[in-house]
Amino acid sequence: MPQLTNERNKTMVAGATAGVAEALATMPFEVTKNRIQMGHGPPAILLNARDTVAKKGVRGLYYGLQPQLLQVSAKSSLRFVAFETYQRMLPGSTFTCGMLAGLTEALVLVAPTERLKILRTAELRAGAHSAGASSSVFHAAGALVREQGVAGLWHGAAPTAARQMLANGLRFFFYDHFKASLKGVPGSAAIAGGMTGVVSVVLTNPVDVVKTRQQTVPSYSGIQLHEGLARVVREEGASALLTGLKPTLLGYGIEGALKFGAYERVKAPLAALLVRLGAGGSALWLGPLLAGL
């Protein structure tokens, strides 16, 4: 039991560390992608980013960073722990275990924090001095709960879960294959992670487009994923399902490289440290560390 606890703690810290690195590096791409998908500002990456800076300054590119940091660090930690737990239950089923890990992180963390991040990004459209804009993500969360109840935080949870399940199933599946093919190559984990991020986002972008609309466009509220996909194609053409793909490709390519690279890099040294601390010692510093991320 102590050995299993140490392994889980090691996975949690390594995953959270990878998540923080990912969030800080990819937030500008995430904000730009969401704005393009919502039709806010120019459709070109650089022009849209410039429009964001003009309205909110450089900090506008990090609008929604608070829920993103919470989401990505905790999500990454939960994802790796869940994946390794499911792997012990279903050995050899990489894709299935990845999908189950994606479902777990979506329902526990991603749906509510994604909702807040999208709403925060939507505020950029009003410019720098909107009277309706929230002063922080915490105020936005409070206002949302007062207006819609706690359930409002999980608005759009179904497409979010679908995206996370598909994305994580694909990521773990392709990462294993890419890493095996790059065996012996320096930085193979980061390279394989970057390749995995690019492949997975190309395949999941249509779901992401519908998810963003369900969370920000009232007329999309309550419709099923397949209905949302059909509506986008019917009203805007099939190419609309690739809206925001360019910044997402850049962001997720970097994210994959950082996430898997940092995870593999951090996890190995933690093994020796946790052995020295023991299961009880690790529990003492693990909680405060994760709480501070």
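By what are Lys55 and Asp51 separated in helix H2?

1. Lys55 and Asp51 stand 4 residues apart in helix H2, a separation of about one helical turn. (Helices, H or I of at least four residues, are DSSP runs numbered from the N terminus.) The two residues form a salt bridge, with the closest N and O atoms 3.6 Å apart; the term denotes a side-chain nitrogen of Lys or Arg within 4 Å of a carboxyl oxygen of Asp or Glu.

2. The model is predicted: local features need pLDDT of at least 70, and side-chain atom pairs count only at pLDDT 80 or more, whereas totals for chains, interfaces and linings use all residues. Residues are numbered from 1 along each chain as its sequence is written, and side-chain values use heavy atoms, without hydrogens and water.

3. Asp51 also meets Arg35 in a salt bridge (2.9 Å, N to O). Asp51 lies in helix H2 and Arg35 in helix H1, so the pair ties together parts that are 16 residues apart in sequence. Arg35 is buried, with a relative accessible area of 0%, whereas Lys55 is partly exposed at 25%. (Buried means under 20% relative accessible area, exposed over 50%, and partly exposed in between, with a 1.4 Å probe and protein chains only.)

4. A further salt bridge joins Asp208 and Arg163, with the closest N and O atoms 2.6 Å apart. Asp208 belongs to helix H7 and Arg163 to helix H6, so this pair ties together parts 45 residues apart in sequence. Salt bridges that share partners link Lys33, Arg163, Asp208 and Lys211 into one network.

How values were computed: Helices (H or I, at least four residues) and strands (E, at least two) are DSSP runs, numbered from the N terminus.
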